[in-house]
Amino acid sequence: MSSDQLLAFETDCHLFKDCGFPAPSVWSFLFDPIFSVGPVDFNKPMLLALIGTVVILAFFWAAFSKPKLVPGKFQMVAEILYDFVRNGIARETIGKKGEPFVPFLVSLFFFVWILNLWALIPLAQFPVNSVIAFPVGLALMVWIVYMTVTFKTNGFVGGIRNLCVPSGLPKPIYVILTPIEFVSNIFVRPFTLAVRLFANMFAGHILILIFTIATWYMLGTLLGTVYATASFALTLVLTVFEMFIQALQAYVFTVLTATYLSQALEEAH
Amino acid sequence: MMYLAAEEPQNPLLPVWPEVVIGLLCFAIIFFVFAKKLLPSINKVLDERHDKIVGGIEEAEAAQVEAQSVLEQYKAQLAEARHEAARLRSEAQEQGATLIAEMRAEGQRQREEIIAAGHAQIEADRKAAAQSLRQDVGQLATELASKIVGESLEEHARQSRTIDRFLDGLDDAATKAEATR
């Protein structure tokens, strides 16, 4: 791997050298395939997704495969994380009926989170969810589960009512509301679910890239080094901010999924 | 990477299907392991711990209730003991008082008895003395009289009656003197 493959921008370009700022672009999110099987390319985000899976499983396997009644520190941390999703998301949003969906929500939260967390890990340094295929896949799966639960709980007619006819409103409003609800629940929800996660990670990565590249770009002269220092400081601030956003987006994705499921589980009125 | 710039970049809003598949596959693996193995395992322990804690609390509550009842029992016993002690004390006091009163009464009685016996003794002695005195005085007087007169008066009952009368008169005078005293 040459240095420009690793860093994905012009490294010999600096301020005051008649050289434009090599701003990050869509190219920052495209990777050469590591290997190809026929028409299918295996690239870095895929590798990170696989390693992330292994990391999650290894962590929770170590904590939960032989749990003790009096937990060690490691098990305690894992229990707090698990309890956060189980009580903080599943029970809080869905209630008692949410118990069967706890494994689904727990998997979703930690998978989304680790994919986001890759943005901070040295050498990886890429939020996998900024590649839209991953959020789209997850949102699609959430949508399928959402629809399945809706129709399984309410039957076909009840399911349609559940999706399109919110109860307890004056009759004329339904003329406007029913189409809106239909479009909102069936088309907009999965779309926004995927795009929200994707766009947050995409934008966050671009921001960090801009200031990282700028730090490097402005080095060389004395004045440039002063600029570079400011840019580097901002990179650090943004990195901390991104840590927060990564967890928050994983949380939002999971809570919204739980909200959809909660609505699907509502008894028909 | 820059050498790719010659090509048209791929639209970042269009998902590439192999990536979707990998993503879902990874999720499926995580979900499967969580749902089948890890979460049931930890849930079992969490439930067990919950039961233990609840059981511990119940046990503690039971122990507290028992301690409370023991304390009350102890307090009741203590109160009973105090009551008993007070009762015994008052009883002892009472008994002491009656004992003292009895002894006092007994002492009084004995004193009176002794006094009475003394009086009786004195009376008897006095009577005996008076008797013997009377006889002696009679005899002496008679002897004296016979010596003076020269003849025996012993044979005459009349004489003896005279002496008796004289002596009774003496007695009466003595009694009268005592009564007035």
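Predicted model: local features only at pLDDT ≥ 70, side-chain atom pairs only at ≥ 80, totals over all residues.
**Two chains, question by question**

Trainee: What is the phi of Gln125(A), roughly?

Mentor: Most residues other than glycine have a negative phi. Gln125(A) is not a glycine, yet its phi is positive, at about 45 degrees.

Trainee: And is Gln125(A) buried, exposed or partly exposed?

Mentor: Count the other C-beta atoms, placed from the backbone, within 10 Å of the residue's own: 20 or more makes it buried, 12 or fewer exposed, and anything in between partly exposed. Gln125(A) has 16 C-beta neighbours inside 10 Å, so it counts as partly exposed.

Trainee: What is the phi of Leu123(A) near?

Mentor: Leu123(A) also lies in the loop between H4 and H5 of chain A. With 7 C-beta neighbours inside 10 Å, Leu123(A) counts as exposed. This residue is not a glycine either, and its positive phi is near 75 degrees.

Trainee: Zooming out, how many helices and strands are there in chain A?

Mentor: Walk along from the N terminus and the elements run α-β-β-α-α-α-α-α-α. That gives seven helices and two strands.

Trainee: Which residue is the kink in H3(A) centred on?

Mentor: H3(A) has 21 residues and reaches 29 Å from its first C-alpha to its last, close to the 30 Å expected at 1.5 Å a residue; that expected span is 1.5 Å times one less than the number of residues. The bend at a residue is the angle between axes fitted to the seven residues ending there and the seven starting there. In H3(A) the kink is about 25 degrees, centred on Asp83(A).

Trainee: Which residue with a positive phi follows H3(A)?

Mentor: Within H3(A), the buried residues include Tyr82(A), Val85(A) and Arg86(A). After the helix comes a residue whose phi is near 95 degrees, and that is Gly95(A).

Trainee: Which element gives the most to the side of chain A that touches chain B?

Mentor: Two residues are in contact if their C-beta atoms, placed from the backbone, lie within 7 Å. On that count, 39 residues of chain A are in contact with 32 residues of chain B. The elements of chain A giving two or more residues to its side include helix H1 (3-7), strand S2 (40-42) and helix H2 (44-64). The one that gives the most, with ten residues, is H2(A).

Trainee: How many residues on that side of chain A are nonpolar?

Mentor: Ala, Val, Leu, Ile, Met, Phe, Trp, Tyr, Cys and Pro count as nonpolar, Asp, Glu, Lys and Arg as charged, and the others, Gly among them, as polar. Five residues on this side are polar and four are charged, while the nonpolar ones number 30.

Trainee: Which chain B residues is Val106(A) in contact with?

Mentor: Leave aside its neighbours within four places in sequence. Val106(A) then contacts Tyr82(A), Val85(A) and Arg86(A) in chain A, and, across in chain B, Phe34(B) and Leu39(B).

Trainee: What share of chain B is buried?

Mentor: Chain B has two helices and zero strands. An exposed example is Asp171(B), with 11 other C-beta atoms within 10 Å, found in helix H2 (residues 157-180) of chain B. Of the 181 residues in chain B, the buried share is 7%.

Key. Residues numbered from 1 in each chain as written. Chains lettered and ligands numbered in written order. Helix = DSSP H or I, 4+ residues; strand = E, 2+ residues; numbered from the N terminus.
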